[in-house]
Structures are given as structure tokens and as C-alpha cells.
Amino acid sequence: MALRAGQINGCGDCVRTHVQNLRAAGESDERVTAVASWREAPFFTDAERGALELAEEVTRLADRSPDAVSDAVPDAVPDELWERLSAHFDEQQLSALILSIDVTNMFNCRTAAVREPAGTSWNRRRP
């Protein structure tokens, strides 16, 4: 999920870091490189597909069309997705997924704001 959010946000440093972390955790290059095209790739479980879709929905909140707003309440995550997710994750796990996506998006914004190039340390001072 974190890799997918970083890809959507165009955060080169975050994408690089998440790829390194996934590889260090033993993920195959086949799965890591297929994250951007997870819908077409056969390498992901239904639970992983749901988590990746959730990452996309939450990360793309600002991309919703005006038609997605009803009674001034945005329908960011469709009920159907929540139903599919609840088949794989309990409430605590869903909360952890959302928190992970939120933290990733926060770091993506921070990294973009300071124009952190991929491969540099976060404690580097900007001129």
C-alpha cells in the first residue's frame, strides 16, 4: 500500500524506500514491479488487492468528481470496497491499514514540499 501511495503521489524518494523495504522483506521483484499495475497482475491475493484499492481511494480523495458528493458528504471509499475488505480484515486491521496509508501520504507531502531527491537522507539540510 505504501508503495502504491508513493507512486500515485509521485514521491520518488518514498517509492525508492518502499521498494528497498519490500525487497528486504523478501518480496519478489515480480510482485514489487507489478504494484503499479496490480489490477492486471496475477501476483496478489484478494486481501492485497483490497488493500491496494483502499490505498488508491484514500490517496486520491481530491480526485473525486462532484458527482461523488451527496449531501455534502464525500463518498471517498465505496461501501462495496468496505464489504470486500471486511471479508479479509477485522476492524483493528482496517484501522491499521488506514493509518498506514495516512502516514504514507503525510510523508509523501512532506518529501514533495522539501523536494527531497530519491536516495538522500531525510536529515539533510536544504540551502
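Me: Why is Glu53 called buried?
Reply: Glu53 has a relative accessible area of 15%, and buried means under 20% (exposed is over 50%, partly exposed in between, with a 1.4 Å probe and protein chains only); therefore Glu53 counts as buried. The model is predicted, so local features need pLDDT of at least 70 and side-chain atom pairs 80 or more, while totals for chains, interfaces and linings use all residues. Residues are numbered from 1 along each chain as its sequence is written, and side-chain values use heavy atoms, without hydrogens and water.

Me: What makes up the surroundings of Glu53?
Reply: Apart from neighbours within four places in sequence, Glu53 is in contact (heavy atoms within 4.5 Å) with Trp38, Arg39, Leu81 and Arg84. Glu53 lies in helix H4, residues 46–59; helices are DSSP runs of H or I, at least four residues, numbered from the N terminus.

Me: Why are H2 and H6 called oblique to each other?
Reply: Helix H2 (residues 12–24) and helix H6 (residues 91–113) pack at about 135°. Under 35 degrees is roughly parallel, over 145 roughly antiparallel, 65 to 115 roughly perpendicular and the rest oblique, so H2 and H6 are oblique. Asp13, Cys14 and His18 of H2 meet Thr104, Phe107, Asn108 and Thr111 of H6.

Me: Which residues of H2 are buried?
Reply: They are Asp13, Cys14, His18 and Val19, and they pack against helix H1 (2–9), H3 and H6.

How values were computed. Helices (H or I, at least four residues) and strands (E, at least two) are DSSP runs, numbered from the N terminus. Axes are lines fitted to C-alpha atoms, for helices over the stretch in contact, and angles run from 0 to 180 degrees between N-to-C directions.
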